[in-house]
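Colleague: Can you walk me through the ring contacts and helix packing in this one? I have it open on my side.

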Amino acid sequence: MGSSAPTTPPDPPPSATAAAAAPKSHFLGPLDSVRSYARSLLAAARRSPVTTLVAAFFLLALFMYGEDVRTIAELSIDDYLYPDAELYNVSGLPPLVLPPPTCDLSRGRWVFDNTSVPAYREKDCTFLTQQVTCLKNGRPDDTWQYWRWQPSNCSLPTFDARRFMEAMRGKRMMFVGDSLNRNQWESLVCLVQPILSKGRKKVVKRGSLRVFHAKEYRATLEFYWAPFLVESNSDNPNFHSIDTRIIRPERIEGHAKYWRGVDYLIFNTYIWWMNTADMKVRRPNSRYWSEHDEVPRIEAYGRVFKTWSDWLEENIDPAKTSVLFMTISPLHISPDKWGNPNGIKCVNETLPYMNDTAPLDLNHDMRMYDLVANVAKSMKRVPVTVIDITKMSDSRKDAHTGLYTFQQGKLLTPKQKAQPEKFADCIHWCLPGVPDVWNQILYTRILSKYSQSSPPPSLSLPLPPQ
C-alpha cells in the first residue's frame, strides 16, 4: 500500500587516485575543495593514528551525506555560474481565465481527449519511479491517459508549467502524507520538468524527504513521508510494511519541524487508516510501542487532527504559508459496485465508470472526510483549503497500476500476476494519469491566489532543513 521505491545509495567519495587522474579545471569549486581536503587527510593518516581516526570519520560522513554535499555544492556553484530563468512575460500571453471561486471543480465528468492530454509522456519523465510507470512495466493498453476532467459549471485551466514556476519562483512546496501524496508529487515534477534546463533539475532523497530542485527558479517541490501526519511506528520511508500500526496522536513535532518555512503545504492521510476499524494508540509517556490501547478509528482520527490543527495555528504564518488538504483517493477493489461481478479488483478495467445517474459508492469512511472539512472550517488564524478529489477519482477504476507495478523493488512475476486478488495494486495511479488532474486543480487554486497578490520574485531560497 505505502510501498516506497528503493532509494539509490549515495555515491562513495571520490578516491584520491580518481581525483588525481581527473583533468584539472580552471574553476576551483566547493567539490574540489572537499576532494582536496580528503586527499590531504588520507596522506596525513599514513603518519598519525589520530589523523587516521579523524580521516575515517570524515570519509564516513562524506559517504553517508555525499549526495547532500554534492547538492549544496552544485546549488552554490549555480548561484554565480548560471543565471536564473528569465521572468516569464505573462503580460504578452492571453489572459489566464480562472474559474470563479464559487465553481465546484470537484463536480463534473470525464471527457475522452487524445489531443490535449496527457500533458507529458511516461518515457519523457525520467523522475518517475518504477511503481507508476505502467507502460514500461508491460500494461498493454494506454487509454487511461486520454481523459480530461470537465467541471460542470466552469472550465479548468490547462496546466501551464511556466506560469506555475513563475508563481513558485524562490518558493518551497511540500506534499506531506502517504504514498498517494508521493504519487501526486511525482506527477507535479513531471508536469514542470520539461521547461527546466538540462542539468539544472534533480531529485535528492534524504531520510523522509524527497526534494526536486528547480535550480533556475530557486524553487523546490518536496515530498515528506508521514502517513498518519503524527508520529507512528510506520515513519521509516523505506521500511514501513508493518502489520501492527501504532500512532502517537498527540506527538507531531518530530515531523512538523520539517514543515516550518515552507510556502505551500499540501497534506493527506486516509488509506493507512483503513486496515482495521480500531486504531492502536501508544500510551502517553510509554517507553515502548508495545504499550498501546485500541480506540475507534474516527476517535483516533479526530485526535490527530486536533494535534495537527493546533500545530498549524501556533506555528504557521498565514501571510507566508498556504495550507491545503487533499481528500480521499479511492481504491477500487469491489468490481460488483460498477456492474462487473465476475471481475477481480481493478484488473483489466480499461474505461472509467460513466453512469452519472448512479454514482459509485466505494464504501469510503465519509466520517473522516467530513471531519477534515469541519476542521478546515473551524480554523481561526490559518486558512486550510480542502481540495476535493474523491468523487472525480471514484470513476477512474481504469487508471490504477494494477498488475503493472513494482513491489518490494521488483516487477510482479508471472506467478504473482496469476494471483491478482492478492497482488493487484488498485490504490496507486499510473502516470501520466489521474493525479495530473489533481495537480491541475492545485495549479488553479495557487494561480488564483498568486494573481491576487502578485508578489515580487524572491531572490534567495533557503535549502530544506538538513
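Modeller: We can go through the rings, then the charges over rings, then a helix pair. This is a predicted model, where local features need pLDDT of at least 70, side-chain atom pairs count only at pLDDT 80 or more, and totals for chains, interfaces and linings use all residues. Residues are numbered from 1 along each chain as its sequence is written, and side-chain values use heavy atoms, with hydrogens and water left out.

Colleague: How many aromatic pairs does a search of the whole structure find?

Modeller: The search gives 21. Rings of Phe, Tyr and Trp (its six-membered ring) pair if their centres lie within 6.5 Å; planes under 30 degrees apart are stacked, over 60 edge-to-face, the rest tilted. One of the pairs is Trp-259 with Trp-311, edge-to-face, with 5.5 Å between centres and 85° between planes.

Colleague: Which parts does that pair tie together?

Modeller: Trp-259 is in the loop between helix H7 (253–256) and strand E9 (264–267), and Trp-311 is in helix H8 (residues 297–315), so the pair joins parts 52 residues apart in sequence. Helices (H or I, at least four residues) and strands (E, at least two) are DSSP runs, numbered from the N terminus.

Colleague: Are those two Trp residues buried or exposed?

Modeller: Both Trp-259 and Trp-311 are buried, meaning under 20% relative accessible area, with exposed over 50% and partly exposed in between (1.4 Å probe, protein chains only). Trp-273 and Tyr-301 also form an edge-to-face pair, at 4.9 Å centre to centre and 90° between the planes. Trp-273 and Tyr-301 are buried too.

Colleague: What else is in the cluster that ring pairs link?

Modeller: Its members include Trp-225, Phe-228, Phe-267, Trp-272, Phe-305, Trp-308 and Phe-325.

Colleague: Switching to charges: what sits over the ring of Trp-289?

Modeller: The charged end of Arg-282, 4.7 Å from the ring centre. That term needs NZ of Lys or CZ of Arg within 6 Å of the ring centre and within 35 degrees of the ring normal. Arg-396 lies over the face of Trp-110, at 4.6 Å from the ring centre.

Colleague: And the helices? How do the axes of H8 and helix H9 cross?

Modeller: They come within 10 Å and cross at roughly 20°, with H9 covering residues 366–378. Axes are lines fitted to C-alpha atoms, for helices over the stretch in contact, and angles run from 0 to 180 degrees between N-to-C directions.

Colleague: Which residues meet there?

Modeller: Among them, Tyr-301, Phe-305 and Trp-308 on the H8 side and Met-368, Leu-371 and Val-375 on the H9 side; contact means heavy atoms within 4.5 Å.
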